[in-house]
Amino acid sequence: MSSQFALLKTRRFAPFFCTQFLGAFNDNLFKNALVVLLTFQATSWTTLTPEVLTNLAAGIFILPFFLFSATAGQLADKYDKALLARLTKLLEVVIMGFALLGFAIHSLEVLLLALFLLGLQSALFGPVKYAILPQHLREDELVGGNALVESGTFVAILVGTLAGGLLAAVAGATTWIAVAGLLVAVLGYLCSRGIPAAAAPVPELLVGLNPFTETWRNVGFARENRTIFLSILGISWFWLYGALFLAQFPVYAKSVLGGNETTVTLLLAVFTVGIGLGSLLCDRLSGGHVEIGLVPFGSIGLTIFGIDLAFASPDVVPAGAPLALAAILAMHETWRVLFDLFALGVFGGFFIVPLYALIQLRSVPAQRARIIAANNILNALFMVCGALAAAGLLGSGLSIPALFGIAALCNAAVAIYIYSLVPEFMLRFIAWLLIHTLYRLQQSGLANIPQDGPAVLVCNHVSFVDPIVIAAASRRPIRFVMDHRIYRMPLISFVFRHMHSIPIAPAREDAAMMEAAFEEVARALEEGELVAIFPEGRITDNGEINPFRPGVQRIVGRTPVAVIPMALQGLWGSFFSRKYGPAMSKPLRAGLFARIALSVAPPVAPEAATPEHLQEIVANLRGDWR
C-alpha cells in the first residue's frame, strides 16, 4: 500500500478526510438533485429556462465564498481548526433542516436560500480544510494528502451527484432529498469530533468584520509572494473552467446528446473519476514531493481535450430523444465524448494538486489560512464570473459545444500568461520531462540539501543538461554558475536564463565577467538561495573527473555556508555529453531511457571545503555505479 493510502489509517488524517468527504457529498447531493429537478421539471417551479436556472444555481452556491471567505480565513488563523470544523458541521445540520422546509412548502426561493447557506458553510470550512493539512502532515506527505483530499472530494461529488440524481427521479423525491441531506450532515458532525486539535497560529488576531476590507487584506498577503499569488490565479481559473463544464452537463446531456437524468450522471461520473485518478497519480509522478512541473502538463491536457470535446459533440440531437442510457452508449460519438471528459479530469488532477500543495508549503504559517481564504475568494469570483458569462453566452444563442471550445482556448491563453510571469512552472516541466521520458533518474541523499537557507552545491560536470537534471531532483530553485558559452547555447539558453543562472568566464578570457559572477553568487547566498557550481570548470571529455578548481573556496571564504557535494552518473556517452558511446573501459547504457543517478553527500563545513577534499567525496559518491 502506498504511503498516501496509509494516511487513511491515521487519526491525524482519517477523521478530517471523512468530514470533508461527507461535506462535499452533501453539497453535491442537494445541489445536483435541485439542478436535475429544475432541468427536467422546470415548469412546476419557475418560468425561467433550464439553461439559466442551472447557471444561476451554480452562481448562488459560489457567491458566499466571495463574501465570507475573508472572515473564515481570520477565524481559522485565530482558533483551533478542529473546533471550527465541528462548528461548521453543526451549521450544516441546521441548513439541511431549512432545506427540508423548502421542499415541504414547494418554494424555489427557500431552496435557493438553502443552497446559498450551504455555500456559506462551505466557505467557512474552506480555510480549515486546506490550512489544517500542513499542521498534521509532513512535507513528504503533503502531496499525497492533497491528492487524497482532491480525489476524495471529486469522488464525493460523483457519489453525491449519483445520489442526488437518483433521488430526484423517484416518487416523493423532495422528501427523500431533504432527509438524506440531514442524515449525512449529522454523520459528518460525528466524524468531525475525531479530528485532532490543530493549534491556532495567531490566537491574538483581531477579527475584522468588514468583508471588503478583510478581503483586500487577505489578497494582499497572497500577493506578497508572486509564485503563491499566480498559483492562486491558476487554481481560480481551474475552478472556473471545471465549474463551467460541470454546470452545463444536465443541459448538454438533454439537448446535445439526447439523453435523460441517467446520462447526466454518466457524464459526471466519468469526469470525476478522471479527476480522482489524476489526483492520485500526482503522488506517484512527483515522487511524494511537490512537483510543479506537472502543472503545465495538466494545462496542456485541459486545452487539448477541451477543444476535442467541442468537436466530438453531436451537431444534431439524436432522433427519439430522450434516449435510454443503452441507446446513448450505442452511438460512437458518445465514447469520444466520454474519453475527452475522462482525460479532462485526469489532467485537471495533474494541474490542481501541485498548486494546492505549493501554496500550503510556501505560505507563511501565521498567514496560511488567510492566504487560503484569499484563494477561496478569487476562486469564487472567477466561478461567479464564469457562471454569469456562460449564462450570457448561452442566452445569446451560443451552443454548449462552442462554449466548451472557447473555454479551452481561453485556458491556453491563461496558461501561457501565467507561465510567462513565473517561468519556474515551465522550467520544472522541462526538467520533469527530461528525467521521466529521456532518462530514468535514481536519487539518493536528497535530504542533505537543506529545505531553506543558503548552501553551495558542487557536482562533477558530465553533460550539457546537468543543471536541468539537478534542478529536477531538487525541491528548491537553484542558481547555477556555468560557462558563459553554455549559458548562451541556442535552445537551452532560454532555460538557463529563466533559471537565473550565473554566467562566468576564466579570468584570462574576461576578468570582469568572472568578478561579476562571484559578486552575484555572494548576493544570492546572502539572500538565502542555493547556488550550484561545477568545480571542474568544463564538461568532461573522457568520462573522468577533472581536477577541481579553487572557486568554491573563494565563495565560502567570503560567505561561509555549507557545501553539499553531489555526483552525477550515467550521462557520459549520452546525446548531451561530449562523447557518444562507452566511457572509460565499460560500456554504459547512456542513450534514451538510460538509467542515470544523482547522489548527494552530507554537508561539508566551509573551512573543510578544499578542492581536493570535495573531489575525493564526489569520486567516492560515483563509486563503481554502472
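Me: What do the numbering and the confidence limits rest on?
Reply: Residues are numbered from 1 along each chain as its sequence is written, and in this predicted model local features need pLDDT of at least 70, side-chain atom pairs count only at pLDDT 80 or more, and totals for chains, interfaces and linings use all residues. Side-chain values use heavy atoms, with hydrogens and water left out.

Me: Why is H9 called roughly perpendicular to H15?
Reply: Helix H9 (residues 211–223) and helix H15 (residues 368–395) pack at an angle of about 110°, with their axes 8 Å apart. Helices here are DSSP runs (H or I, at least four residues), and strands likewise (E, at least two), numbered from the N terminus. Axes are lines fitted to C-alpha atoms, for helices over the stretch in contact, and angles run from 0 to 180 degrees between N-to-C directions. Angles of 65 to 115 degrees count as roughly perpendicular, under 35 as roughly parallel, over 145 as roughly antiparallel and the rest as oblique. H9 is therefore roughly perpendicular to H15.

Me: Which residues make that contact, and how do they divide?
Reply: Contact means heavy atoms within 4.5 Å. H9 contributes Thr215, Asn218, Val219, Phe221 and Ala222, and H15 contributes Arg370, Ile371, Ala373, Ala374 and Ile377. The division is 7 nonpolar, 2 polar and 1 charged, where Ala, Val, Leu, Ile, Met, Phe, Trp, Tyr, Cys and Pro count as nonpolar, Asp, Glu, Lys and Arg as charged, and the others, Gly among them, as polar.

Me: What makes the buried residues of H9 line one face?
Reply: Buried means under 20% relative accessible area, exposed over 50%, partly exposed in between (1.4 Å probe, protein chains only). Glu214, Thr215, Asn218, Val219, Phe221 and Ala222 of H9 are buried. Seen down the axis, they fall within an arc of 150°, so they line one face of the helix; the arc is that of the directions from the helix axis to the C-beta atoms. The face turned away from the buried side carries the exposed residues Phe212, Trp216 and Arg223.

Me: Why does Gln4 count as buried?
Reply: Gln4, in helix H1 (residues 3–6), has 5% relative accessibility and so counts as buried. Beyond neighbours within four places in sequence, Gln4 is in contact with Gly144, Ala147, Leu148, Leu280 and Asp283.

Me: What makes Thr227 count as buried?
Reply: Thr227 lies in helix H10 (residues 226–255). Its relative accessibility is 12%, so Thr227 counts as buried. Leaving aside neighbours within four places in sequence, Thr227 is in contact with Leu358, Arg362, Val422, Glu424 and Phe425.
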